[in-house]
Amino acid sequence: MGLRNRIKGRIKKVIGREEAPAAAAAAAPPRPAVAKTVSRPTPPAPKPAPPPAALSDEERIKQEKAAKHMARTRKGVLKFVADQGGTASLADMHKHSEMRYFVGHQKFSQMMEALISEGLLDYSHADGTGSITPGGRELIGG
């Protein structure tokens, strides 16, 4: 018998309502343990994604301007690397793109990954420097 039950029993004695816990337990026949299977309703199927909304003219113009700006930034960074003698540190390229083209950290990282994957720039992790490739020189016209 736990402490809670003993305290509860004493309180009932004091109040005047005495309970016979042993008699109540003996009177009730033991119930067999039966495992119940619970059937859960199947969740509804997810709704299909709505069709892509057509862009308004204003949104389309904004996206075109952003794409033009990123193309200018890419050429600008490649030209900066070429002007530095063909190699530049990552910090210098980031600073140049941030100061000149207002490109933040995340966009700069995406741009660098694209330049490297397109073969326009080689990057050395050991030195932390980027080197322009012949393809990059061809893109900037130099």
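Q: What makes the span of helix H5 (residues 105–117) agree with what its 13 residues should give?

A: This is a predicted model, and the comparison is made on its C-alpha atoms. The expected span is 1.5 Å times one less than the number of residues, so for the 13 residues of H5 the expectation is 18 Å, and because the end C-alpha atoms are 18 Å apart, the two agree. H5 is followed by Gly119, whose phi is positive, near 80°.

Q: How does the reach of H3 compare with the value expected at 1.5 Å a residue?

A: H3 has 27 residues and its first and last C-alpha atoms are 39 Å apart, which is close to the expected 39 Å. Just after H3 comes Gly85, with a positive phi of about 100°.

Q: Which elements do the buried residues of H3 pack against?

A: The buried residues of H3, among them Thr73, Arg74, Val77 and Phe80, pack against E1, H4, H5, E2, E3 and helix H6 (134–140).

Q: Why do strands E1 (87–89) and E2 (121–124) stand at the edges of the sheet?

A: The sheet is open, with 3 strands in the order E1-E3-E2 and antiparallel pairing. E1 and E2 each have a single partner strand, so one side of each is left without a neighbour in the sheet. From one strand to the next, the twist averages 25°.

Q: What makes E2 and strand E3 (residues 129–132) a pair?

A: Pairing requires at least two bridges between the strands; E2 and E3, which run antiparallel, are joined by 4 bridges, so they count as paired. Within E3, Ser131 is the residue that stands opposite Asp122.

Q: Which helix lies across E1, E2 and E3, and at what angle to E1 does it run?

A: That helix is H4 (residues 90–101), which runs at about 85° to E1.

Definitions and conventions: Residues are numbered from 1 along each chain as its sequence is written. This is a predicted model: local features need pLDDT of at least 70, side-chain atom pairs count only at pLDDT 80 or more; totals for chains, interfaces and linings use all residues. Side-chain values use heavy atoms; hydrogens and water are left out. Helices (H or I, at least four residues) and strands (E, at least two) are DSSP runs, numbered from the N terminus. Axes are lines fitted to C-alpha atoms, for helices over the stretch in contact, and angles run from 0 to 180 degrees between N-to-C directions. Contact means heavy atoms within 4.5 Å. Buried means under 20% relative accessible area, exposed over 50%, partly exposed in between (1.4 Å probe, protein chains only).
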